[in-house]
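Please consult the sequence and the model shown here while reading.

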Amino acid sequence: MKIGIIGSGHIGGTLTRRLSTLGHDVTVTNSRGPQSLTDLAAETGATAGTLEEAVNSAELVVVAIPLKAVPALPAELFDGKIVVDADNYYPQRDGDIAELLDRSLSSSRWTAEHLKGARVVKAFNNIQAAHLMESGRPAGSADRIALPVAGDDAQAKQTVMELVDALGFDPVDAGTLDESWRQQPDTPVYGTDRDADGVRKGLAEARP
C-alpha cells in the first residue's frame with residue numbers, strides 16, 4: 001500500500017521502519033519539515049515529504065503526533081482516507097481538553113470529529129515503540145502479542161487488522177470508536193503485551 005505517516009517520534013518512526021521493511025511505499029512527515037527526516041529516509045527507504053505529500057496519494061494514513069496538534073490538521077485533506085489514530089491523550093502534555101478529562105468522549109472520537117470525512121481506526125496506541133519494533137511474531141506463535149483495533153467503518157477496520165497481522169501481532173476487534181476508551185491509558189490492555197484472549201479479557205474489564 002501507499003502509506004502516509006504523520007509524526008516521526010517513537011511510534012511514527014517505528015512504523016516507518018517496519019512498514020517500509022514489509023515493502024509498503026511509505027511517505028513520512030513531521031512538523032519540522034522534510035529536511036529533518038533525511039536520516040530516517042536514508043535508513044528506511046521511505047520518502048520524507050510535506051503533510052500534503054504524505055496524505056494526498058496515500059491509501060492509509062497513520063497519525064502519531066501529540067493529540068493537541070490534531071486540530072491543526074486540515075480536515076479536508078483526510079476526506080475518505082483510512083486514518084489510523086495511534087495517539088493517546090496525556091493531560092500533562094496536551095493540556096486540559098474538557099471532553100477527554102471527563103471521559104465523555106474517547107480520544108479517537110474527538111480526533112474523528114476534527115477529521116470529519118476520514119475513516120478513523122484506533123490502533124498502535126497501547127504498545128511500547130520498542131516492542132512494536134522488535135516483538136512481532138509469525139501467526140500462530142505461542143508468544144504473539146495482540147493489539148486492539150477499534151473503528152466504525154468495517155472495511156477500514158479490516159484493512160488495519162490485516163496490517164497489524166502482517167506486522168506480527170494478533171489483531172483483536174475492540175468495537176467502535178466510542179468503545180476505544182477501553183484501550184486508552186490507565187486501562188488493563190495499555191502497555192501490557194497481552195495475547196488475544198488477554199486483550200479481550202482486558203477490554204471487557206476496563207472501567208470508565
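S1 and S2 pair in the parallel sense over five bridges, where two strands count as paired if DSSP finds at least two bridges between them. Lys2 has Asp25, in S2, as its bridge partner. Strands (E, at least two residues) and helices (H or I, at least four) are DSSP runs numbered from the N terminus. The model is predicted, with local features requiring pLDDT of at least 70 and side-chain atom pairs counted only at pLDDT 80 or more, whereas totals for chains, interfaces and linings use all residues. Residues are numbered from 1 along each chain as its sequence is written, and side-chain values use heavy atoms, with hydrogens and water left out.

The open sheet contains eight strands in the order S3-S2-S1-S4-S5-S6-S7-S8, and its pairing is mixed. Its edges are strand S3 (47–48) and strand S8 (170–173), each of which pairs on one side only.

The largest nonpolar core comprises 32 residues, and Leu15, Phe124 and Val160 have the most contacts inside it. Such a core is a set of buried Ala, Val, Leu, Ile, Met, Phe, Trp, Tyr and Cys residues joined through side-chain atoms within 4.5 Å; buried means under 20% relative accessible area, with a 1.4 Å probe and protein chains only. Among the elements that each supply at least two residues of this core are strand S1 (2–6), helix H1 (10–21) and helix H8 (154–166). H8 provides the largest share, five residues. Leu15 touches Ile5, Ser20, Val62, Phe124, Leu132 and Leu167, leaving aside residues up to four places away in sequence; contact means heavy atoms within 4.5 Å. A second, separate core of 23 residues includes Val61, Leu67, Leu73 and Leu100.

Two pockets are compared below. A pocket is an open set of points on a 1 Å grid over the protein atoms alone, where a 1.4 Å probe fits, with protein on both sides within 12 Å along at least five of seven lines; lining residues have an atom within 4 Å of a point. Volume is the space filled by probe spheres set on the points.

| Pocket | Volume | Residues nearest the centre |
|---|---|---|
| Largest | About 740 Å³ | Ala64, Ile65, Pro66, Asp87 and Arg93 |

The lining of the largest pocket divides into 15 nonpolar, 13 polar and three charged residues, and H1 contributes its largest share, three residues. For the second largest pocket, helix H4 (91–94) and helix H5 (98–101) each supply at least two lining residues.

Note on methods: Buried < 20%, exposed > 50% of the residue type's maximum accessible area, 1.4 Å probe, protein only. Nonpolar A, V, L, I, M, F, W, Y, C, P; charged D, E, K, R; others polar.
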